[in-house]
Amino acid sequence: MVRKSFLSYNKTIWGPLELVEKLYPEAEEIGASVRDLPGLKTPLGRARAWLRLALMQKKMADYLRCLIIQRDLLSEFYEYHALMMEEEGAVIVGLLVGLNVIDANLCVKGEDLDSQVGVIDFSMYLKNEEDIGNKERNVQIAAILDQKNYVEELNRQLLAIAKNNIIKLQEENHQLRSENKLILMKTQQHLEVTKVDVETELQTYKHSRQGLDEMYNEARRQLRDESQLRQDVENELAVQVSMKHEIELAMKLLEKDIHEKQDTLIGLRQQLEEVKAINIEMYQKLQGSEDGLKEKNEIIARLEEKTNKITAAMRQLEQSDNDLLTQTRTIAMSLVKCASSDSQDQYKLVKDISF
C-alpha cells in the first residue's frame with residue numbers, strides 16, 4: 001500500500017516545481033540550470049537544487065505564488081485536502097517573502113542532493129545505569145568529551161579572533177565615517193560655492209537674455225516696418241505699371257484717332273480743292289454765258305454754302321486735332337513723370353506726338 005503524504009500518489013515535489021517554468025518565464029533559467037547540473041539523478045535532488053537556486057535569487061515566494069493560484073493545475077499533484085490546496089497554502093507562501101532579506105550563498109555543485117540528509121545521533125551522550133560500569137564506553141565518552149572541549153576551546157579562540165576583527169572593523173568604520181563626514185562637509189562647501197557661482201551666472205544670463213530679447217524685438221519691429229514699406233512700394237509699383245499700360249493703350253488709341261482724322265482732313269482738303277476747281281470752272285462758264293446767270297448763281301450759292309460747311313468741318317477737325325494733340329502732350333508728360341525708365345523708342349514717340 002502506498003503511503004500518503006501531502007503529495008498525491010506516485011508524485012514527487014519536482015513535478016509542480018517544473019511546472020513553474022510554464023507559469024513564470026523567468027524561472028526557465030533555474031530549470032535549465034538544474035537540468036544541466038551533473039550528478040543529480042533523482043527528482044528529489046533536482047527539487048533541492050531548484051529550491052536553493054530560487055532562495056539565492058530571492059524569488060522563491062514569487063515562483064510559489066504563481067503556482068498556488070493555479071489550483072486546477074495543482075490538483076494533478078496534490079490531493080484536495082492537501083495543505084497547498086487550502087487557504088493556508090497562500091499564507092505560507094506569503095510568509096516566504098521574509099526570506100528575501102537573507103543573502104543566501106548555498107552550494108549546489110558537488111553536493112549529494114539525491115540522498116537523505118544525515119541525522120546527528122546524540123544517544124552516546126546519554127548515560128544510564130547499565131553503562132556506569134562499562135570502562136570501555138567511559139573511555140570513549142571521555143575521548144568524545146575531550147574532543148568537545150577542544151572544539152569549544154577552538155570556538156572560543158575563533159570567537160575572540162572574530163571579536164577582535166569586529167572591533168578593528170568598527171574602528172575602521174568609525175574612521176571611514178569621520179572621513180565621510182569631512183568629505184561631506186567639503187562637498188557641501190563646494191556645492192555652496194558652486195551654487196553662488198551658478199546664481200551669479202544665472203543673473204548674468206538673465207540680464208544678457210533681457211538685452212537680447214530687446215534687440216530681437218527691435219530687429220523684429222524693423223523687419224516688420226521694412227516688410228510693410230516693401231509691400232507699399234510693390235503696390236505702388238504695380239499701380240504705376242498698370243497706369244503705364246493704360247497710358248500706352250490710350251496713346252495707341254489717340255495715335256490711331258489722329259491718323260484717322262488726318263486722313264479725313266486730307267480727304268476734305270481734296271474735296272475743297274475739287275470744289276474750288278468747280279467754282280472756278282463755273283465762274284468761267286458764268287462769264288461766258290449770261291443766259292444761265294441765274295441758274296449759275298444758284299449753283300454758286302449752293303457751292304459756296306457747301307464750301308462753308310466743308311470749311312467749318314475742316315476748322316472743327318483742326319480744332320479737334322489740336323485738342324487731341326494737347327491731350328496727347330499732357331498724357332505724354334504724365335508718362336514721362338510716372339515711368340522714368342521707359343525705352344528710347346517710347347520717348348521718341350512721345351516727343352513726336354508732343355511736337
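Arg 230 forms a salt bridge with Glu 234, and their closest N and O atoms lie 3.2 Å apart. The structure, which is a predicted model, holds eleven salt bridges. The chain has an average pLDDT of 79, and 83% of its residues score at least 70.

- Arg 230 is exposed, because its relative accessible area of 58% is over the 50% cut-off.
- Glu 218 and Arg 221 are three residues apart in helix H7 (residues 135-288), so about one helical turn separates them.
- Glu 218 is partly exposed at 35% relative accessibility, and Arg 221 is partly exposed with a relative accessible area of 35%.
- An α-helix has 3.6 residues a turn, so residues three or four places apart point the same way.

- Arg 65 and Asp 62 form a salt bridge in which the closest N and O atoms are 3.0 Å apart.
- These two residues are three apart in helix H4, so the separation between Arg 65 and Asp 62 is about one helical turn.
- Arg 65 is partly exposed, with a relative accessible area of 36%, and Asp 62 also counts as partly exposed, at 24% relative accessibility.

- Helix H1 (residues 14-23) is mostly covered, with seven of its ten residues buried.
- The buried residues are Trp 14, Gly 15, Pro 16, Leu 17, Leu 19, Val 20 and Glu 21.
- These buried residues pack against four helices: H2 (28-36), H3 (43-57), H4 (60-68) and H5 (71-74).

**Confidence along the chain**

- Among the elements of the chain, H3 has the highest mean pLDDT (90), while helix H9 (residues 344-354) has the lowest (48).
- Over residues 1-10 the pLDDT is below 50, and this stretch has 14 contacts in the model beyond near neighbours in sequence.
- The pLDDT is also below 50 over residues 346-351, a stretch with nine contacts beyond near neighbours in sequence.
- Where pLDDT is low, the predicted coordinates should not be read in detail.

Conventions:
Residues numbered from 1 in each chain as written. Predicted model: local features only at pLDDT ≥ 70, side-chain atom pairs only at ≥ 80, totals over all residues. Heavy atoms only, no water. Buried < 20%, exposed > 50% of the residue type's maximum accessible area, 1.4 Å probe, protein only. Contact = heavy atoms within 4.5 Å. pLDDT = per-residue confidence, 0-100. Salt bridge = Lys/Arg side-chain N within 4 Å of Asp/Glu carboxyl O.
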